[in-house]
Amino acid sequence: MRILVLSMMISALVALIIWFSMTPDVNAESMVLGETKLVVTVPKVIEEEKVTTLAAGEPNDPVEKMQVETAAQNIAIGYRESLKFAPYSQPLTVNDKDRLNPNKFIPISTPIFGEEQPVSLSLNKFRFIKPEPVEVWLEGEGIQSAQVQVGIVGEKNMVYSAELQVNGGRAETTLAAINLPIGDISVKAIADINGQEVILVAHAKYMKPSAKLINVASVAVEQSDLLISLQLDVQEAGIYRVRANLYDGELPLAHLVGKRKLGIGKEFITLKAHQSVIPQAAKALELRTFVVERMSSIPGEGTRYGTSEITDAALPDVDISKLDRTPYTPSEKELASLAFLEQLAGAKN
């Protein structure tokens, strides 16, 4: 148990280091030493185990210590490899499903007694921006009838209900914005499967838009970076993060991230693609999969999301031959984070 807990804490620490790698005034040492206040929820099982070795900083058992250090060393090696690329411009492959489809809904399934196949409940995505409709469907054999009940997560009252249209092994409906509440919503499906009542519940987010991405304003080469300026129409001021995937034709190249404080109205934010993720032979650069986030600015405030008028944007007028092909140099902050990780791993200087 202790080994698992320690490994999980190291992994969580690395995630925090990477998460804050683009945020000024925060580094790995300050997070651990308490200069930056972070609220960490400790699982009850950890409390019950009373893992006092965590406070001491090391496990007592030499075997446990070696296993934890080995895990930390592997994490440090992975982080060192990531520093070959700019944090705002990380390589992307066809295997990075979460970045290629960041708003994908994972179907909720359950087995049915007497049936070979389970029944599943799906939504067309997980996060919705008003006035988008929500598409709901059930799939499975033997569906006789089905309905959905919509409510707010954690509340008992139902806000809206609708019957699903059954067609063979599929039952579906579309929920209009006028019938959907703002917030974390629950979609409860109640189905008759060959006489059995089956209940499946899905959760999603339904939010007011905070900003709208309008277009790609300009593209330029600056030393080793391709600078892509995006124009937004901002309804709610705040610190925004915009994500997009860079492709060469159908080949994914990089996941790009830009962050900036924006005011209300027409504003701009820049994505940068480092030369290390752009092949010299690239011919059809294009941006896809835009995600607009208004980041939380105070405790208890959730992340808000925006919309995009464009689903893809070709970058035809850029001359990538002008890119300086100098390798990426990690910042002092990134190197300090790596050194800190290696200290955790017991690495020798």
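Rings of Phe, Tyr and Trp (its six-membered ring) are taken as a pair if their centres lie within 6.5 Å, and the pair counts as stacked with planes under 30 degrees apart, as edge-to-face over 60, and as tilted for the rest. By this rule the count comes to one aromatic pair. The structure is a predicted model, in which local features need pLDDT of at least 70 and side-chain atom pairs count only at pLDDT 80 or more, while totals for chains, interfaces and linings use all residues. Residues are numbered from 1 along each chain as its sequence is written, and side-chain values use heavy atoms, with hydrogens and water left out.

Aromatic rings also take part in contacts with charged side chains. A charge is said to sit over a ring if NZ of Lys or CZ of Arg is within 6 Å of the ring centre and within 35 degrees of the ring normal. Arg 127 meets this description over the face of Tyr 305, at 3.9 Å from the ring centre. Likewise, the charged end of Lys 272 is placed over the ring of Tyr 88, 4.3 Å from its centre.

Another tyrosine, Tyr 79, belongs to helix α5 (residues 62–82); helices (H or I, at least four residues) and strands (E, at least two) are DSSP runs, numbered from the N terminus. Tyr 79 has a relative accessibility of 4% and therefore counts as buried (under 20% relative accessible area, with exposed meaning over 50% and partly exposed in between, for a 1.4 Å probe and protein chains only). Leu 341 is 262 residues away from Tyr 79 in sequence, yet the C-alpha atoms of the two are 8.6 Å apart in space.

Turning to the strands, five of them form an open sheet in the order β2-β3-β5-β9-β8, with antiparallel pairing; two strands pair if DSSP finds at least two bridges between them. The edges are held by β2 (108–110) and β8 (165–167), and because each has a single partner strand, one side of each is left without a neighbour in the sheet. From one strand to the next, the twist averages 15° (axes are lines fitted to C-alpha atoms, for helices over the stretch in contact, and angles run from 0 to 180 degrees between N-to-C directions). Strand β2 runs antiparallel to β3 (residues 119–123) and is joined to β3 by three bridges. Thr 110 has Val 119 as its bridge partner in β3.

Strand β10 has pairings of its own. With β6 (residues 143–152), β10 pairs in the antiparallel sense over nine bridges, and Ile 143 faces Ile 193 of β10 across this pairing. With β11, the antiparallel pairing of β10 extends over eleven bridges, and here Ala 189 is opposite Leu 200 in β11. What do β10 and β11 form, with two residues between them? The two strands make a hairpin, and Asn 194 in the turn has a positive phi of about 50°. Asn 194 lies between β10 (183–193) and β11 (196–207) and is partly exposed, with a relative accessible area of 45%.

Most residues other than glycine have a negative phi, and most peptide bonds are trans. Thr 289, although not a glycine, has a positive phi of about 55°. Thr 289 is placed in strand β17 (residues 285–294) and is partly exposed, at 23% relative accessible area. Lys 130 and Pro 131 are joined by a cis peptide bond, with omega about 15°. Pro 131 is part of the loop between β4 (127–129) and β5 (134–139).
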